[in-house]
Each structure stands twice: as structure tokens, then as C-alpha cells.
Amino acid sequence: MVWNILFWVGAVLSLLGTTLVMREHTWLKAATPTDGTVVQLIATRGSKGGTSYKPRVTFRDQQGQEHEFTRSWSSQPAGFFVGERIKVAYDPKTHEGRILSFGQRFGLAVTVLAVGLHLALLSSMFIVGRHLVPAIYLP
């Protein structure tokens with residue numbers, strides 16, 4: 001029973017991870033890549049009193065207009081430093097910018113997908129094994 005539940009939890013997580021990967025891929029295919037610069041690290045206080053940092057990034061679009069965005073989540077230690085040049089992808093219609101790196105774009109999605117696949121594979125081995133062992137080793 002437990003293995004059946006874990007299989008379905010794994011299947012749902014795998015589906016969620018795949019959906020997140022595809023959404024990000026679709027957005028990136030329509031986006032325009034450019035260079036950006038980290039102009040500020042915004043300090044945020046966590047519930048336990050620790051400090052984490054969100055990078056504020058500027059970039060120029062194809063028309064030369066400057067735009068700015070702040071990453072929605074923070075990290076400790078800061079993943080960037082002020083003045084750092086980074087790759088950015090932006091939506092040419094809305095000028096929504098995102099940091100363009102594998103970890104920033106796909107890290108969460110790939111982690112959810114990997115956990116889901118492992119749960120589904122592990123539980124399916126136990127589900128199959130429950131029937132296979134008696135068939136092979138019991139008279």
C-alpha cells in the first residue's frame with residue numbers, strides 16, 4: 001500500500017517537474033538574450049534572523065533602453081556580487097527579465113523532476129518485487 005502511494009506521489013512530482021521545465025523552456029524560446037549587470041544586492045531578513053540577498057539587475061534591450069529587475073527569491077551567501085556581468089533573457093514585449101543560467105532557470109524544476117522519478121522508480125521496484133519474488137523462489 002505504501003509503495004503504491006509513493007509511486008503516485010513520484011508520478012505527480014515527475015509531471016510537475018516536467019511542466020515547470022517546459023514552461024521555462026517555452027518562455028526562454030521567445031525571450032531575447034543580452035548582457036546584464038548586478039547593480040545592487042538587496043538584503044532581506046529571514047524568520048530566524050539570518051540575512052539573505054536578492055540581486056537587482058539592469059540590462060539594455062535591443063533598442064538600447066535600460067530596464068531593471070530584482071530576482072524574486074534570495075540566497076545566502078549571495079550568488080552574485082555588485083558589478084558582476086551576467087547573462088539575462090528578457091521578454092521583448094513586457095521587458096520582464098530573468099537571469100540566464102541553468103541553475104536559475106531550471107534548478108527547481110529539475111530537482112522536483114529527479115525526486116519524482118526516483119520515487120516512482122524505487123516504489124515500482126518494490127511493487128514488482130512483491131509479486132516477482134514469490135513467483136521465482138516459492139514453490
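**View 1. Lining of the largest pocket.** The largest pocket is lined by 20 residues, and E24, W73, R98, Q104 and R105 lie nearest its centre. A pocket is an open set of points on a 1 Å grid over the protein atoms alone, where a 1.4 Å probe fits, with protein on both sides within 12 Å along at least five of seven lines; lining residues have an atom within 4 Å of a point. The model is predicted: local features need pLDDT of at least 70 and side-chain atom pairs pLDDT 80 or more, while totals for chains, interfaces and linings use all residues. Residues are numbered from 1 along each chain as its sequence is written, and side-chain values use heavy atoms, without hydrogens and water.

**View 2. Elements around the largest pocket.** Two or more lining residues come from each of α1 (2–30), β3 (66–70), β5 (97–99) and α2 (102–137). Helices (H or I, at least four residues) and strands (E, at least two) are DSSP runs, numbered from the N terminus. With seven residues, α2 gives the most to the lining.

**View 3. The largest nonpolar core.** Nine residues form this core: V38, V57, F59, F69, F80, I86, V88, Y90 and I99. A nonpolar core joins buried (under 20% relative accessible area, 1.4 Å probe, protein chains only) Ala, Val, Leu, Ile, Met, Phe, Trp, Tyr and Cys residues through side-chain atoms within 4.5 Å. β2 (51–60) and β4 (85–90) each give two or more residues to the core; the largest share, three residues, comes from β4.

**View 4. The second core.** A separate core of five residues includes W27, L28, A31 and F106.

Notes
Buried means under 20% relative accessible area, exposed over 50%, partly exposed in between (1.4 Å probe, protein chains only).
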